[in-house]
Amino acid sequence: MSKPAIPPSRGLSVFVRTAKERSPASARWLKRQLNDPYVAAARQQGWRSRAAFKLLELDDRFHLIRPGVRVLDLGAAPGGWTQVAAKRGAALVLAVDLLPIEPINGAVIVQGDFADPAMPDRLLAELGGAADLVLSDMAPNTTGHASTDHIRIVALAEMALDFAVRVLSPGGAFVTKVFQGGSEKQILEALKRNFTTVRHAKPPASRKDSSELYVVATGFKGRAD
């Protein structure tokens, strides 16, 4: 399996002036984007987003994507993780998001809300059976209030887990994003009930100043009817 091309650190920084119509926060975000080697590498290598490197690094460590697996990518827009799964040999990649996603070779795009009660049956039909790997890189719009943002992302992770339990095949795997904090204990307990192995990981592509972590759960025990 080929390793992801890790962007080298850049020696020069790009400075961004705060235009009248640009807020200081917007200027900081733009400066960070312009100076982020992963952003540049994603553009050069054809990935939809810098987040693609996070899944590449997680897959190199945990060997999640194998030839023949059926992958479900929740909250997939703009499609970086979907691209990785398709290029790494998945038999089928199903990408779901409320937002439109441009077509991706090797993937089926479904625009809709995965929380819709009718969605599990629809996606199982599209997959032709249960999923082997469920991915979720979803994150809520941040408020700037750490505890509120943490609670929101844990809620999203819990929703993704509930969905994964409904569509995964026994032995399957689940990856979701959380933020470091105290309130993820409940989801970790649920993961340990449903999977044989649960591990935390912070891939190198995650920004050092970000509190995001990924939970990688493998060996799905199967749904109890």
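In this predicted model, seven strands form an open sheet of mixed pairing, in the order β3-β2-β1-β4-β5-β7-β6. Strands are DSSP runs of E of at least two residues, and helices are runs of H or I of at least four, both numbered from the N terminus; two strands pair if DSSP finds at least two bridges between them. The edges are held by β3 (107-111) and β6 (195-201), each of which has a single partner strand, so one side of each lacks a neighbour in the sheet. From one strand to the next the twist averages 15 degrees, where axes are lines fitted to C-alpha atoms, for helices over the stretch in contact, and angles run from 0 to 180 degrees between N-to-C directions. Residues are numbered from 1 along each chain as its sequence is written. Local features need pLDDT of at least 70 and side-chain atom pairs pLDDT 80 or more, while totals for chains, interfaces and linings use all residues; side-chain values use heavy atoms, without hydrogens and water.

The protein chain contains seven helices and seven strands, which follow the pattern α-α-α-β-α-β-β-α-β-α-β-α-β-β along the sequence. Of its 225 residues, 50% are buried, that is, under 20% relative accessible area, with exposed meaning over 50% and partly exposed in between (1.4 Å probe, protein chains only).

Strand β1 (residues 70-74) has four of its five residues buried. β1 pairs in the parallel sense with β2 (residues 92-97) over five bridges, and L72 has L94 as its bridge partner in β2. The chain passes from β1 through helix α4 (residues 80-87) to β2 in a right-handed β-α-β crossover; with the strands pointing away from the viewer, such a path from the first strand over the helix to the second runs clockwise. β1 also pairs in the parallel sense with β4 (residues 131-136), over four bridges, where S136 is the bridge partner of L74.

Strands β5 (residues 168-179) and β7 (residues 212-220) pair in the antiparallel sense over six bridges; the partner of F179 in β7 is E212. Helix α7 (residues 185-194) packs on the sheet and touches β5, β6 and β7, its direction making about 140 degrees with that of β6. Contact means heavy atoms within 4.5 Å.

In helix α5 (residues 119-127), the buried residues are M119, P120, L123 and L127. Viewed down the axis of α5, these residues fall within an arc of 95 degrees, so they line one face of the helix; the arc is that of the directions from the helix axis to the C-beta atoms. The exposed residues D121 and A125 lie on the face of α5 turned away from its buried side. G128, with a positive phi near 75 degrees, follows α5.
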